[in-house]
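We will go from one stop to the next, selecting a few residues each time.

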Amino acid sequence: MTISADHTAPDTANAHQAGNAPTEDALTEAVKKFGITVEDYMLPARHQIQMVDPDGRLKPEGEQGTEPGHEYPVPGDAELLAAYEQLVVGRRVNDQNSALVRQGRMAVYPSSHGQEACQVAAALCLSGGDWMFPTYRDAVAVMARGVDPVQVMTIFRGDWHGGFNPLEHKVGIQCTPLTTQLLHAVGVAHAAKLRGEDTVVLAMCGDGATSEGDFHEALNFAAVFHLPVIFFVQNNKYAISVPLAHQSVAPSLAHKAVGYGMAGERVDGNDVVALLAVLDRAVKLAREGSGPLLVEAHTYRMQAHTNADDDTRYRESAEVAEWRAKDPVNRMRTYLTDRGLLDDDGERRIRDKAEAIATQLRDGLSEDVPVDPQELFRHVFAKTTPQLKEQSALLADELARDAASTEETAK
Amino acid sequence: MSPTITTSSEANGNVSAATARAAASAAASAEAAGPQLVTLAKALNTALADAMHADPSVLVFGEDVGMLGGVFRITDGLTATFGEQRCFDTPLAESGIVGMAVGMAINGMRPVIEMQFDAFAYPAFEQIVSHVAKMHNRTKGAVKLPLVIRVPYGGGIGGVEHHCDSSESYYAHTAGLKVFTPATVADGYRMLREAIDSDDPVMFMEPKKLYWSKDLVDLAELRSSYSSAASAGQSSEGRAAVARSGTDATLIAYGPSVPTALAAAEAAALEGRSLEVIDVRTIVPFDDVTVCESVRKTGRAVVIAEAHGFASVSSEIVARVQERCFHYLAAPIRRVTGFDIPYPAPKLEKYYLPGVDRILDAVDDLQWEN
């Protein structure tokens with residue numbers, strides 16, 4: 001079987017391809033370097049890729065879900081230890097932030113508790129020159145990419161819409177309008193490709209987002225322009241309250257890829273070993289010119305959508321308990337300890353680091369940050385308008401009069 | 001891959017402006033010397049080509065803009081001249097076009113994208129309102145979006161439903177967007193060059209019924225005067241034009257309504273009434289100074305627009321003028337706009353569009369007996 005997207009009459013094929021090399025050839029060439037055929041590569045493997053089981057045991061090779069075109073070596077020990085450290089930090093960050101919300105020091109925090117393996121792998125699979133486009137639930141991934149934790153949390157602290165410079169870190173602002181960021185990822189990849197740069201872009205979204213129109217448009221654009229974008233779907237089973245069965249009846253979300261002429265893969269989203277194996281290869285393939293790829297990670301949102309949500313209205317506690325047994329952090333600790341890569345000292349060092357970051361968050365977010373009302377007008381345009389200058393003067397006058405009357409009262 | 005494509009000179013990139021400007025070349029193809037009759041379509045096409053020559057980060061894409069040259073031929077010849085990497089067709093998806101342009105602008109490009117018709121831009125509304133308009137503000141200016149969204153708009157061409165909307169109010173109402181709309185051939189050239197060179201996102205509203213209107217202009221002269229103005233840091237952004245001088249009343253119009261306003265002023269002159277016509281040119285930022293100077297002089301004003309009057313750019317203009325010129329007014333400001341109905345079918349559009357007679361009736365209504 002050959003997988004082809006040849007809808008054009010033979011004499012017009014490739015005459016109109018926006019300057020791209022014929023997609024199929026580029027894909028064939030790219031996967032060949034990895035000893036893979038396009039036929040094996042395009043459809044997801046029959047089962048999700050899982051390397052370490054929920055009890056922390058490395059599965060025998062024949063039971064990892066791999067098959068021709070979907071074979072993944074276990075990542076190196078150094079990478080796994082780095083991932084474990086980030087997992088522990090990520091869990092601590094999630095729980096610290098939730099506590100800060102309960103204490104009223106932060107407006108809201110959509111926690112990725114339970115999804116930390118996805119968060120960590122998303123950051124660790126990328127190189128410095130690559131880009132990441134995260135959603136509002138991906139704060140841990142942004143931190144794992146190296147952005148200052150307090151800057152990341154600014155969006156939830158409430159003094160501005162974002163706290164870090166996307167250009168400096170090559171991380172998009174955490175995106176709230178669902179799925180719209182996937183197209184920005186496509187554009188960043190397209191610009192890089194036109195300049196001949198080897199940038200890879202990781203575009204993140206959840207299972208609910210796959211119902212949005214922009215999901216379709218982004219995957220199709222990335223495929224048609226043959227761009228190095230990895231669409232990384234964290235299927236955490238719920239879009240706020242609506243279960244996956246109400247979003248899609250596709251065989252899997254990864255199977256959606258083939259409709260775009262794109263490869264797809266399913267992976268255990270609570271197994272950071274499998275996630276790194278799959279995403280590392282995806283990044284390498286994309287950098288070699290394979291075009292885009294869709295990776296669906298099966299994970300679970302252990303807590304409510306946000307503090308404003310009540311998840312007991314739409315799911316059973318037994319289901320949550322079932323997923324608690326598949327916890328990504330415990331699984332990895334057992335695996336590394338059993339392999340002798342992690343001892344008590346190592347564990348303590350990592351916990352101390354996580355605690356230091358939690359302290360940094362507590363201090364940073366408890367700090368009463370002064371806001372500058374004039375900043376409201378400062379960044380609307382690169383070149384401001386007379387109307388905004390007038391409105392800024394109006395506010396300045398109001399504030400000056402308020403200050404004067406406060407002073408008067410004080411006398 | 002392509003050595004001709006580099007990072008945007010002025011936004012989110014490191015290449016100096018001088019380097020990019022040095023690449024500017026007189027795109028003088030086979031242009032005749034001196035003033036010629038030139039269409040707005042040709043002026044816009046020339047502006048795109050000149051901008052692409054001047055800055056290698058300028059890219060043009062959209063639906064049918066490549067081999068076909070756009071359904072209105074505004075991008076005619078750009079793929080042939082600049083190659084398929086710099087002017088190309090996309091899949092048919094407007095949100096995709098705008099969303100991809102946002103990403104390209106983040107990563108150093110200056111995309112100039114085409115929405116094929118006004119009403120076909122609506123699928124992109126979320127990208128425009130939530131990202132194009134807000135990215136600069138959200139990132140405290142760290143990320144600039146030097147992006148131009150060209151929208152052929154308005155009626156008067158006998159178009160069927162969904163091809164004749166006046167959608168400028170949606171964009172003008174959205175904080176963070178600039179909204180330009182040229183009414184003359186020379187303005188078409190200059191304003192599109194300015195929109196492309198702007199570090200802010202610009203909704204560039206092209207009055208489609210004026211695409212084939214001609215003015216006597218010298219394209220070479222327009223090109224060189226734009227270049228010298230740009231290198232001197234001069235811009236006509238936010239500057240309305242006095243399209244016709246007069247003393248008795250002011251007609252305020254933009255885009256497709258400017259020629260109609262000028263025709264009304266011509267007819268009024270025959271009746272002995274001297275009407276001044278203001279061409280707004282950039283709806284955002286709005287030129288309060290020029291508009292109010294005229295109204296204070298004449299004491300009377302009529303605002304003309306094809307769009308529905310309710311909650312529209314024309315409402316905004318009336319409100320602004322009233323706030324600033326109340327004591328100079330001899331009569332309430334009148335509006336002549338489209339009715340508040342969905343855009344009519346071709347055989348009915350003449351009843352909908354503001355015409356000379358309706359404008360003159362409004363002028364007659366400006367309490368002259370006082």
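Start with the largest nonpolar core, which has 222 residues. A nonpolar core here is a set of buried Ala, Val, Leu, Ile, Met, Phe, Trp, Tyr and Cys residues joined through C-beta atoms within 7 Å. Select A:A121, A:V186, A:A203, A:I230, A:L275, A:V295 and B:L251: these touch the most other members of the core. Buried means that 20 or more other C-beta atoms lie within 10 Å of a residue's own; 12 or fewer makes it exposed, anything in between partly exposed, and the C-beta atoms are placed from the backbone. Next, colour helix α10 (residues 272–287) of chain A, which gives the most to this core, with 12 residues. Domain 1 (9–231) and domain 2 (241–364) of chain B both contribute residues, so the core lies between them.

A word on the ground rules: this is a predicted model, where local features need pLDDT of at least 70 and side-chain atom pairs count only at pLDDT 80 or more, while totals for chains, interfaces and linings use all residues. Residues are numbered from 1 along each chain as its sequence is written, and chains are lettered from A and ligands numbered from 1 in the order in which they are written.

Now zoom in on A:A121. Leaving aside neighbours within four places in sequence, A:A121 is in contact with A:A83, A:V272, A:L275, A:L276 and A:L279. Two residues are in contact if their C-beta atoms, placed from the backbone, lie within 7 Å.

Move to chain B and colour its two domains, 9–231 and 241–364; such bounds come from an automatic or database domain assignment. Helices (H or I, at least four residues) and strands (E, at least two) are DSSP runs, numbered from the N terminus.

Within β6 of chain B, pick B:F180. Is B:F180 buried or exposed? With 28 C-beta neighbours inside 10 Å, B:F180 counts as buried. Show B:I283 as well: B:F180 and B:I283 are 103 residues apart in sequence, yet their C-alpha atoms are 5.9 Å apart. Not counting residues up to four places away in sequence, B:F180 touches residues including B:M191, B:F204 and B:R281.

Next comes a sheet in chain B. Five strands form an open, mixed sheet in the order β9-β11-β10-β13-β14, where two strands pair if DSSP finds at least two bridges between them. β9 (241–244) and β14 (334–338) stand at the edges with a single partner strand each, so one side of each has no neighbour in the sheet. Select β10 (residues 249–253) and β11 (residues 275–279) of chain B, which pair in the parallel sense over 5 bridges.

Finish where the chains meet: 48 residues of chain B are in contact with 40 residues of chain A. On the chain B side, β3 (87–89), α4 (94–106), α5 (125–132) and α6 (135–138) each supply at least two residues. Which of the elements of chain B gives the most? Select α4(B), which gives 9 residues.
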